[in-house]
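Trainee: I am new to this structure. Please pick a single part and take me through it closely.

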Amino acid sequence: KAMKSTIDFEQVDGRIADIQFKSANFQINIINGYAPQNGKAIEEKRKFYDCIEARYNMRKNNHINIIVGDFKSRLQYRLESEKDNIGEFIFGRGQEFADQQAQSTTESRDCFILFCMGNELCIMNAFFKGPHLRCCTYKEINTEGWAPPWNPERYNMLDFCLTPDRWKNAIRNVRAKPTIALNSDHALLDIDIRAKLKEQKL
């Protein structure tokens with residue numbers, strides 16, 4: 001049914017793609033992003049967010065807009081100033097640990113949070129309470145396989161679902177599914193969207 005409801009798909013570049021679906025009431029725009037790795041220069045990270053912001057501004061209008069992808073951002077904690085963008089259910093090791101991380105890791109978080117704040121986007125993963133298993137979208141380099149214990153020492157949350165506050169209620173749940181076998185360091189991210197798709201008339 002999703003195929004029959006597809007309006008358009010565009011591969012913008014090697015890091016960004018977007019797809020549009022027709023629903024009963026609104027068009028649904030989904031932008032997928034793949035952020036530069038932590039070790040990349042800050043200029044490359046900023047360029048990525050400039051590009052994805054430009055694509056978002058092209059698409060937003062009155063449509064349901066969702067941005068998903070691997071943003072290479074280890075949240076770890078939530079500041080008071082970030083509460084509008086980050087829910088209370090953080091999967092991480094706290095600010096004290098984050099303060100000891102490499103500068104490049106901090107830069108990645110800062111770029112991501114500034115993008116979300118500047119565009120009034122909610123990081124929906126952190127708005128739903130669930131077991132740690134459902135927060136693990138990435139296994140750290142020294143973690144072998146996908147198996148318990150599901151803790152932030154062995155896993156992290158790098159893949160996110162973003163949407164503006166206006167459409168927050170359209171997202172019913174966001175959860176990782178790390179027990180589904182994938183040949184990857186990243187787990188499948190399952191997003192429940194409340195929208196009735198409508199078949200395109202040719």
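Mentor: Helices (H or I, at least four residues) and strands (E, at least two) are DSSP runs, numbered from the N terminus. One example for orientation: E1 and E2 form a hairpin, with four residues between them. This is a predicted model, where local features need pLDDT of at least 70, side-chain atom pairs count only at pLDDT 80 or more, and totals for chains, interfaces and linings use all residues. Residues are numbered from 1 along each chain as its sequence is written, and side-chain values use heavy atoms, leaving out hydrogens and water.

Now the part itself: helix H2. It runs over residues 42-59 and has 18 residues. From first C-alpha to last it reaches 26 Å, close to the 26 Å expected at 1.5 Å a residue. That expected span is 1.5 Å times one less than the number of residues.

Look at the buried residues (under 20% relative accessible area; exposed is over 50%, partly exposed in between; 1.4 Å probe, protein chains only). In H2 they are Ile42, Lys45, Phe48, Tyr49, Ile52, Arg55, Tyr56 and Arg59. They cover an arc of only 155° around the axis, so they sit on the same side of H2. The arc is taken from the directions from the helix axis to the C-beta atoms. The face turned away carries the exposed Glu43, Lys47, Asp50 and Met58.

Tyr49 counts as buried because its relative accessibility is 7%. After H2 comes Asn61, with a positive phi near 35°.

Key:
Pairing = 2+ DSSP bridges.
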